[in-house]
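Please keep the sequence and the model open while reading.

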Amino acid sequence: MSLGRTYAVALMGLDGSLIEVEADIGQSLPNFVILGLPDASLNESRDRIRAAAKNAGIPLSARKITVNLIPASLPKRGSGFDLAILMAALRANGDIRDTGNTVFLSEVGLDGRLRPVRGVLPAVIAAVDSGHGDIVVARENLAEAELVPGARVLGFDSVAAALLHFGAKPQELTLPTASPQRPDTDGARSAPERPALDMADIAGQAEPRFAVEIAAAGAHHLMMMGPPGAGKTMIAERLPGLLPDLNDAHAMEATAIHSLAGAAASCRELLRRPPFENPHHSATPAAIIGGGSGIPRPGAASRAHRGVLFLDEAPEYERRVLDALRQPLESGSLVIHRAVGAAAYPARFQLVLAANPCPCGLASGKGANCTCTAQQRRRYFGRLSGPLLDRVDLQLTVQRVSMADYSTNEASESTATVARRVAEARAAQRERLQRWGLSTNSEVPGTILKKELKLPESVVRPLNDAMRRETITARGYDRVLKVAWTMADLRGLTQPGPNEILEAQQLRQQVVTS
């Protein structure tokens with residue numbers, strides 16, 4: 001037989017396409033050609049595959065080998081096609097039996113070992129969805145691939161072990177000797193587990209504590225402005241601890257993104273805790289939103305999917321970085337366009353912004369020691385555009401911790417205590433919103449707020465007055481209502497009253513950036 005066929009997966013963002021890998025053995029002079037829009041790293045696989053096959057004990061045919069990746073119009077990139085191409089070439093030469101509908105996802109080393117690749121989880125999901133449940137991966141990727149329901153996964157250490165499973169003659173194979181310690185793909189490392197952070201560590205700050213509880217209960221965005229040392233970062237870092245565990249669907253989404261982002265060989269189980277991303281203020285748009293050459297990779301906004309994206313010293317970020325967040329704050333997704341195509345990533349995160357009151361940070365209180373001019377302050381906050389801040393539900397000023405609060409021996413409420421109230425509030429939201437397929441108040445569209453969840457005129461009168469005075473936008477109107485509903489859920493009320501509307505309005509209008 002001169003034609004062999006296997007399957008692989010090409011990823012464009014989190015969307016995977018099944019790739020049929022054909023290998024033909026010709027009668028002409030030795031050559032190795034790969035067709036079907038391979039990138040540079042995939043073209044380089046020719047030499048890796050020849051060396052791996054030879055060192056596994058079954059060299060490739062000395063005649064011309066033509067490999068075609070179908071569909072040919074779809075760009076393919078990366079080393080994850082190595083094993084599929086090798087198996088197709090050996091099948092074409094009759095060295096192994098038919099592999100059927102098996103999908104192969106692994107890089108090969110020159111010594112014949114199989115090496116892990118990034119993005120195995122979304123690739124296996126795509127393979128199973130296309131009806132190809134039999135998967136072969138490197139052993140380091142086995143636990144990750146087995147997370148996908150319906151996948152029948154085999155993990156091997158070497159090309160020789162895979163060939164033996166598919167009918168190669170044992171006497172011809174050369175199994176590798178000792179398996180050396182190998183780094184994760186592209187130098188990726190498992191992130192160290194974050195230490196448990198407790199709300200009880202925060203001294204005083206009753207209003208910021210209440211605001212972060214509201215943010216956790218309703219999945220609202222939050223901005224805190226205050227002097228250095230007031231506790232803004234402490235509060236933001238404790239928000240993930242108040243959030244409930246991710247359900248199966250959300251955990252699969254978050255784990256797939258982290259697999260694709262480069263944590264190869266480290267996704268042993270689904271990410272159950274909401275992720276927390278805290279990029280430095282020097283980060284580029286590609287680092288925050290995603291990008292890179294070729295098919296763009298996910299950035300911090302997508303890695304924070306179903307978790308928290310914390311931008312400390314927010315006015316220090318480039319304005320184009322901050323404004324690029326406006327679209328995912330509304331839609332919960334990112335579509336990054338490049339010449340080779342568009343990659344779509346989910347990005348439904350909670351945004352937390354922290355800012356000083358001025359460049360020197362001393363303008364709080366009386367501001368007697370502040371040396372910043374009015375022009376410097378305007379330039380400083382000019383990076384926080386009005387359209388961005390209009391999408392932030394809670395905007396409050398954090399005051400310095402008083403000596404009385406700092407020196408008290410009275411313990412504040414712990415994270416566990418607050419998290420229980422958050423869980424009860426979220427349960428109330430799910431029960432109320434399940435008929436629309438929603439789970440948190442932040443997701444409720446304005447049409448539902450104005451119809452099925454419409455509040456009496458006597459309740460929303462202060463908000464209507466603000467709308468008439470043009471001190472609040474239509475988007476801000478809806479977001480105040482969402483926060484008011486979350487406050488009602490935390491207090492065990494069936495719907496918000498005038499007090500909740502006024503408090504929600506107050507928590508949105510504290511920060512002045514001009």
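## Backbone features in the loops

Ala-219 lies in the loop between H7 and strand E10 (222–225), where helices (H or I, at least four residues) and strands (E, at least two) are DSSP runs numbered from the N terminus. Although Ala-219 is not a glycine, its phi is positive, at about 60°. With a relative accessibility of 16%, Ala-219 counts as buried, a term that means under 20% relative accessible area, while exposed means over 50% and partly exposed is in between (1.4 Å probe, protein chains only). This is a predicted model, in which local features need pLDDT of at least 70 and side-chain atom pairs count only at pLDDT 80 or more, whereas totals for chains, interfaces and linings use all residues. Residues are numbered from 1 along each chain as its sequence is written, and side-chain values use heavy atoms, with hydrogens and water left out.

Glu-470, in the loop between helix H20 (457–468) and H21, likewise has a positive phi of about 60° without being a glycine, but Glu-470 is exposed, with a relative accessible area of 70%. Most residues other than glycine have a negative phi, and most peptide bonds are trans. The peptide bond from Ile-70 to Pro-71 is cis, with omega near 5°, and Pro-71 belongs to the loop between strand E4 (64–70) and helix H3 (82–92).

## Helix H7 and its crossing with H21

Two packed helices are described by the angle between their axes and the distance between the axes. For helix H7 (residues 206–218) and helix H21 (residues 474–490), the axes come within 9 Å and cross at roughly 95°; here axes are lines fitted to C-alpha atoms, for helices over the stretch in contact, and angles run from 0 to 180 degrees between N-to-C directions. H7 is therefore roughly perpendicular to H21, given that angles of 65 to 115 degrees are classed that way, those under 35 as roughly parallel, those over 145 as roughly antiparallel and the rest as oblique. On the H7 side the contact (heavy atoms within 4.5 Å) is made by Phe-210, Glu-213, Ile-214, Ala-217 and Gly-218, and on the H21 side by Val-483, Thr-486, Met-487 and Leu-490. By class, this contact of H7 with H21 has 6 nonpolar, 2 polar and 1 charged residues, where Ala, Val, Leu, Ile, Met, Phe, Trp, Tyr, Cys and Pro count as nonpolar, Asp, Glu, Lys and Arg as charged, and the others, Gly among them, as polar.

Ala-211 is also in helix H7 and is buried, with a relative accessible area of 1%. Leaving aside neighbours within four places in sequence, Ala-211 is in contact with Leu-222, Leu-394 and Leu-396.

## Helix H21

H21 has 17 residues and reaches 25 Å from its first C-alpha to its last, close to the 24 Å expected at 1.5 Å a residue, the expected span being 1.5 Å times one less than the number of residues. The helix is mostly covered, since 15 of its 17 residues are buried, and H21 is followed by Gly-492, whose phi is positive, near 75°.

Ala-488, found in H21, is buried, with a relative accessible area of 0%. Apart from neighbours within four places in sequence, Ala-488 is in contact with Leu-493, Gln-495, Pro-496 and Glu-500.

## Helices H4 and H10

Helix H4 (residues 120–129) and helix H10 (residues 248–261) pack at an angle of about 120°, with their axes 7 Å apart, and they are therefore oblique to each other. Val-120, Leu-121, Pro-122 and Ile-125 of H4 meet Met-252, Thr-255, Ala-256 and Ser-259 of H10, a contact with 6 nonpolar, 2 polar and no charged residues.

## Nonpolar cores and the whole chain

A nonpolar core is a set of buried Ala, Val, Leu, Ile, Met, Phe, Trp, Tyr and Cys residues joined through side-chain atoms within 4.5 Å. The largest has 62 residues, of which Leu-309, Leu-325, Phe-349 and Leu-351 touch the most other members. Apart from this core lies another, of 50 residues, among them Ile-214, Ala-217, Val-418 and Leu-433.

The protein chain has 22 helices and 18 strands, and 52% of its 514 residues count as buried. Its C-alpha trace spans about 85 × 50 × 45 Å along the principal axes.
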